[in-house]
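Hi everyone, thanks for coming. Let me put the sequence and the structure up, and then we can walk through it together.

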Amino acid sequence: MRTIIVGDIHGCYHEFLSLLHKVNYNGKKDKLILLGDLMDRGPLSYEMLRLAMHWKKKNPDRFFLIRGNHEQMIVEQSGALDTRLIWRVVGKTDTIRSFRKHRDRMELYIPWILKNMPLYYKDEKIQCVHAGIKEENPKQNSTDLLVKDHSWSKTNQYGGRITIIGHTPLDAPTYYDGSGNAGEPLSYGVWKELPAQGAICIDTGCVFGKKLTAMILENGSYYLDCVPGQPYSVINTHFYVGLIRKFCALPLIRNFCSGENSK
């Protein structure tokens, strides 16, 4: 049985189906793992979530989903001010629009997300998280680290059990060996032995007009394949996210939010 792992989809529904067609995905035989961020930014978030729900019901033992930061923002939508503001910047409006076309509301799906999109996946060969990892056992990492962190790829300090990760959009899939050096870009279409330690990031920015990447695992080896994306999202959200976090960290704003949350 092959294991197919797909990076951040972000509502790129047609690209996702094209990628599975390209790698000859067979739902009756293959295991499929999605690394989270099914929604936001792209145009077809509703269609992507409904497809995931159908496949999870149909193939519960061969189809697995991990919660990304965008699903986490849906779960936390009535939480901290910075989370609510950041979500507006990074794709909430696109998802609301997608659901409204079908006269549906995304908040109705929070219970399903909590039940079916855990913070990590783990089997005898690999483990997967959405964003970052420091401790080898995913349970020993905070929720923020697992779903929101970008820093681990910059430091390259994780050298534990091989972990497949998304979240940080790169020009090419990249292997991080935990040495502290720069990551190693990986080639498409070449079978390689799967490393025992470190992390491989396969988010290649489909929603920004780059690529949607899949990792195919079989008999201890892997290869990478991809399809081109469309530039549905072109705003430099990292800049605005940084401004929001600085704004919400101001003492006056922080104190006001604390008072609101205590009511």
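Which residue in E2 does Val-6 stand opposite? Leu-34 is the one facing Val-6.

Before going on, some housekeeping. This is a predicted model, where local features need pLDDT of at least 70, side-chain atom pairs count only at pLDDT 80 or more, and totals for chains, interfaces and linings use all residues. Residues are numbered from 1 along each chain as its sequence is written, and side-chain values use heavy atoms, with hydrogens and water left out.

Back to the strands. Helices (H or I, at least four residues) and strands (E, at least two) are DSSP runs, numbered from the N terminus; two strands pair if DSSP finds at least two bridges between them. Strand E1 (residues 3-6) runs parallel to E2, joined by four bridges. Between them the chain passes through helix H1 (residues 13-22), in a right-handed β-α-β crossover. Right-handed here means that, with the strands pointing away from the viewer, the path from the first strand over the helix to the second runs clockwise.

On to the next neighbour: E2 also pairs with E3, again in the parallel sense, over three bridges. There, Leu-34 stands opposite Leu-65. The link from E2 to E3 goes through helix H2 (residues 45-58), and this β-α-β crossover is right-handed.

Are the residues of E2 buried or exposed? Lys-31 and Ile-33 on one side, and Leu-32 and Leu-34 on the other, are all buried, meaning under 20% relative accessible area with a 1.4 Å probe, protein chains only.

Now the core, a set of buried Ala, Val, Leu, Ile, Met, Phe, Trp, Tyr and Cys residues joined through side-chain atoms within 4.5 Å. The largest nonpolar core has 39 residues, and Val-6, Ile-9, Phe-16, Leu-32, Leu-34 and Leu-38 touch the most other members. H2 supplies the largest share of this core, seven residues. A second, separate core holds 18 residues, including Ile-66, Ile-126, Leu-217 and Leu-224.

Finally, the rings. There are eight aromatic pairs, counted when ring centres (six-membered ring for Trp) of Phe, Tyr and Trp lie within 6.5 Å; planes under 30 degrees apart are stacked, over 60 edge-to-face and the rest tilted. Trp-55 and Phe-63 make an edge-to-face pair, 5.9 Å centre to centre with 80 degrees between the planes, and both are buried. Phe-64 and Tyr-121 form a tilted pair at 5.0 Å and 50 degrees. Ring pairs also link Phe-16, Tyr-25, Trp-55 and Phe-63 into a cluster.

Definitions and conventions: Buried means under 20% relative accessible area, exposed over 50%, partly exposed in between (1.4 Å probe, protein chains only).
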